[in-house]
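Welcome! Let's take a friendly walk through this structure, one feature at a time.

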Amino acid sequence: MTRYEKLAAWGFAVLALAAALAFGPLFAGYLFAGLAFAVITALMGLRIARAIDDWHLEHPLKFRRRRASATPGTEERRAA
């Protein structure tokens with residue numbers, strides 16, 4: 001583990017202990033479970049957004065704009 005990972009782990013442990021002492025262990029458990037669920041949901045949402053963006057880059061939307069022919073001979077003039 002790096003220095004920052006150890007620091008984060010100790011910080012979460014202190015936060016969990018403080019929440020358990022302030023609110024009770026059951027509520028603190030629910031609090032941390034809810035926070036973990038929120039983080040996981042946010043990361044999954046970011047992954048979905050990235051996948052949609054990657055798909056969009058590979059499959060660009062193409063809106064075909066067809067011109068209305070003003071006269072019956074317009075197609076022949078364009079071909080010439």
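## An aromatic pair

The count of aromatic pairs comes to one. Rings of Phe, Tyr and Trp (its six-membered ring) pair if their centres lie within 6.5 Å; planes under 30 degrees apart are stacked, over 60 edge-to-face, and the rest tilted. In this pair, the ring centres of Phe-23 and Phe-27 are 5.4 Å apart and the planes stand at 65 degrees, so the pair is edge-to-face.

Phe-23 counts as exposed, at 53% relative accessibility, and Phe-27 as partly exposed, at 44%. Here buried means under 20% relative accessible area, exposed over 50%, and partly exposed in between (1.4 Å probe, protein chains only).

## Where two helices meet

The axes of helix α1 (residues 3-23) and helix α2 (residues 25-58) come within 7 Å and cross at roughly 135 degrees. That makes α1 oblique to α2; angles under 35 degrees count as roughly parallel, over 145 as roughly antiparallel, 65 to 115 as roughly perpendicular, and the rest as oblique.

Residues in contact have heavy atoms within 4.5 Å. Among them, Phe-12, Leu-15 and Phe-23 in α1 meet residues in α2 that include Pro-25, Phe-27 and Leu-31. By class, this contact of α1 with α2 has 11 nonpolar, no polar and no charged residues.

## The whole chain

The protein chain has three helices and zero strands, in the pattern α-α-α along the sequence. Helices (H or I, at least four residues) and strands (E, at least two) are DSSP runs. Of the 80 residues, 5% count as buried.

## About the model

This is a predicted model: local features need pLDDT of at least 70, side-chain atom pairs count only at pLDDT 80 or more, and totals for chains, interfaces and linings use all residues. Residues are numbered from 1 along each chain as its sequence is written, and side-chain values use heavy atoms, leaving out hydrogens and water.

Notes: Axes fitted to C-alpha atoms, helices over the stretch in contact; angles between N-to-C directions. Nonpolar A, V, L, I, M, F, W, Y, C, P; charged D, E, K, R; others polar.
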